Amino acid sequence: MKAAVIRFPGSNCDQDCFFALNRVFGLATDYVWHKDTALAGYDLVVLPGGFSYGDYLRCGAIARFSPIMKAVREYADAGGLLIGICNGFQILAESRLLPGALVRNRSLHFICEHRFLRVEAVDNPFLNRAVTGQVLNIPIAHGEGNYTADEATLDELDRNRQVLLRYSDALGCVSDASNPNGSARNIAGICNAARNVFGLMPHPERACGASLGSADGNIIFRSILNSLGVSAAA
Amino acid sequence: MNFHLSLPPDPEITPALIAKHGITPEEYERIRGILGRDPNFTELGIFSVMWSEHCSYKNSKPELKKFPTTGPGVLVKAGEENAGVIDIGDGWAVAFKMESHNHPSAIEPFQGAATGVGGIIRDIFTMGARPVFNLNSLRFGKITGEGGGVKNNRRLFAGVVAGIAHYGNCIGIPTIGGEVYFDESYEGNPLVNVFCLGVLKHEQIARGAAKGIGNPVFYVGAETGRDGLAGAAFASRELTEESKQDRPAVQVGDPFKEKLLLEACLELLASDAVAGIQDMGAAGLTCSTCETASRGGTGVEIDLEKVPKREPGMTPYEIMLSESQERMLIIVKKGFEQAVVDIFEKWDLPYAEVGVVRDDGMMRVTAGHVMVAEIPARQLADEAPIYHREAKAKPAAQPLASIPSTDLREALPRLLADPSIASKQWVYRQYDHMVRAGTTVLPGSDAAVFIVREADKILAATSDCNAIYCALDPREGARVAVAEAARNLACSGAVPLAVTDNLNFGNPHKPDNFWQLRECVEGLAEGCRAFDVPVTGGNVSLYNESPAAAVDPTPTVGMVGLIFDAKHITTSAFKTAGDAVLLLGDLGNEMGGSHYLKVLHNRKEGIPPRINFVKEHGLHESLRAMIGLGLVKSAHDCSEGGLAVALAESCICGTETLGAAIDFGATDMQPEVLFFNESQSRVVISVAEANVATVLALLKERETPARRLGTVTVGGPEAELVFKAGSADFRWPVADLRKAWYDSIPTSMAE
């Protein structure tokens, strides 16, 4: 079992993801440079958060043209597990590996804080250790996390149960008051139709222990290990 | 491709041109003496930036020598390099420093603050350390009420916060704490002091010296442009109405480029190819070449034709004085040039071999085959004139005749809503304060606490300065600043390691300003000796004057400490209803310089609280001992707003609010004084009811004054904070207090 963390120029959560996978969960993990072109032998690929290429165009818009992205697409098309966190989610959306787009927060401010998330579906490799309706406490940190898609796409996401996480309050109530950034239908994370590609704005790698204020991010890593047939260390 | 420079004929060196460069006739004679001839135009520019206060500390150096700078843990001393380095055990060390970007932020708040962050981060990774967190200490004019000044202050505040967020968030270094104050004295001249800390192994310490005759000199990072021309000189003048025209002296930051530069430099430093490294900050290429040569006892020769340039036609003067950001100078060991090429190609960063280390002590600058500057490096870098400025004491603050009374029920929420005391969530929510997954105490507690996973160490850090005290009594105010910083660390469970300071004062040519500087430096030095913490470096920012007057003297103290066990990490919020509330220290009675007087009566007067270091140090030792025994559930120091504000904050600053029932017992103290005095050496703690007797007995044994004040009560919508003093009884719904405290800054900023 081996995981890859892709490093784009400007990635800044790459070391945090590596630490969570390798040090917390004991998974063999490699960094893969964005100029590389192959992704052979990996069971999990992570697109970490950060500001790829400075996000000077739209977030993720330049990273999608990185040499490694061809291999990432082929890997995902072959059914490999792919997770994009924050900027990684933005890259997945720009690459059309996930539908929709992430635009400026409605407050126009960058927002960094712990948020409650309601688990919407568990029949996927990323949340199979959670229960539907469970509330997770995981931080967000983004300026452009406002998920947007046309109504037809949003309906289809709902119909296919591709929305995996929604912003909620501590009791799991989803409302405008529990929406930090203006995301359509309070969407915090979605998967593709084949359910092997997951994009989310919250940072599970920042919620891997009580010392960080929450260990709820572990449930996502444990679910991934579970679906890969590995018993989790942490 | 690279652009060619242009070599226009030099303008004639006239007295007017010399004066325009801020060089006095005496300094000009000194330059002539060093060169043995008149300087040319480029050389005049080089001297003007290197001999500015910002680079040479010519007005403050004799004062800075008063700081204690040595200690068993000091690996790199203050002033030796870009930042001091302190041992934290197990082969690990920290490099940290604070620096100001006040003037640029006054003119262009977003870029001014952003490039301040970029500069301090470079200072840290230049040392070979990986930057792991930032703090900042910010001061603005008032943001509440009406008037054009208020609007402008809000614009500056919003711009500075956005600029810090822009740079820190993008580069991926968490901004985990600091302080923000609002006071009329900063109107038009905000203070933006930024702090960065990095970690490294002892053997990774990098030096900014040009060692090894014949070693090649590389320029790496962003191309040189015309931005930030002579910024160091600009920072060493007073701000005036015309300062807006100095906007070209403000640099433009590119945090993405700095992220690449940071990674590339750390990769190169790990490769054994580097003989010396120095960032290009203030005074850019000029400062980095002459300082590396001076430190190395060598000479450096560079060719400006080879310097990567952003545009054609720049003159040698412009290239040497540019403060374009995200650039470094690296002295590479001969034979290792390919390592630079490989690593900087990998990171898609510009690089160029621009020169060579020589043995003759000269800083020699050519443009192709034309010599454009030739100056003895050591004399340029280290022999700026030193001035012993005239100091004249301000009249001593007078004791308060009486304490004006107020509607006490209203006074507490009004103090909590004062932007200097109010929640800073509006600020730190905009900063990514969790990247690097180590922030274990979130912003808003007494000190920020961060777990450095590389080293498996827990660090606590705080920045403190009550400038009202310093305005009323600079020496005592500075002593209190050190004590408060150490107290904040103690409340978090940490032992102080070392201090960095940022001295923000007015024009030193005015004797009363210089007196304030000297008093504050001596006060800081006394404080640092009392807590046995060396000063590892810092920054001096003078000429902080707006058209109205000088800022209040503001010697910001950044203090870093170590927490030995995760179990010792302590925060300021009450934890559980039923816990006992204890006061360590006395009830106090000093109202001079208090926020009560300032916020409720618009008076900045009286004699500020005195500090007794022996008492204060004993308090910290006792508190840490209790924490070590696992007896302390929360600890919060009493500072602005006194005991009442400290108790209210412990109720409202946690994720869930709690109430408290406090009984001061029979007292003949005026309630205003009892609630809001700011006497020092006091901490509010909460402990489990079952441990009260043990704690009080232990404190008695240690001769730390302590008393039980009351009990933490239930939270929820019905929660109340109750103060009983004799027959008087005051009650506040905790929800109202929290709202006053929490909504204050967002409400002001939405207006």
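Predicted model: local features only at pLDDT ≥ 70, side-chain atom pairs only at ≥ 80, totals over all residues.
Residues are numbered from 1 along each chain as its sequence is written, with chains lettered from A and ligands numbered from 1 in the order in which they are written.

Select residues 109-125 of chain B for α7 and 255-269 for α10. The axes come within 11 Å and cross at roughly 5 degrees. Axes are lines fitted to C-alpha atoms over the stretch in contact, with angles from 0 to 180 degrees between N-to-C directions.

Now show the contact residues (C-beta atoms, placed from the backbone, within 7 Å). α7(B) brings B:G118, B:I121 and B:F125. α10(B) brings B:P255, B:E258, B:L262, B:C265 and B:L266.

Next, select strand β10(B), residues 327-332. Helices (H or I, at least four residues) and strands (E, at least two) are DSSP runs, numbered from the N terminus. In β10(B), 6 of 6 residues are buried (20 or more other C-beta atoms within 10 Å of a residue's own, C-beta atoms being placed from the backbone). One side holds B:R327, B:L329 and B:I331; the other holds B:M328, B:I330 and B:V332.

β7(B), residues 216-221, pairs antiparallel with β10(B) over 5 bridges. There, B:F218 partners B:I330. β8(B), residues 274-279, also runs antiparallel to β10(B), joined by 5 bridges. Look for B:V274 opposite B:V332.

How values were computed: Buried ≥ 20, exposed ≤ 12 C-beta atoms within 10 Å, placed from the backbone. Pairing = 2+ DSSP bridges. Contact = placed C-beta atoms within 7 Å.
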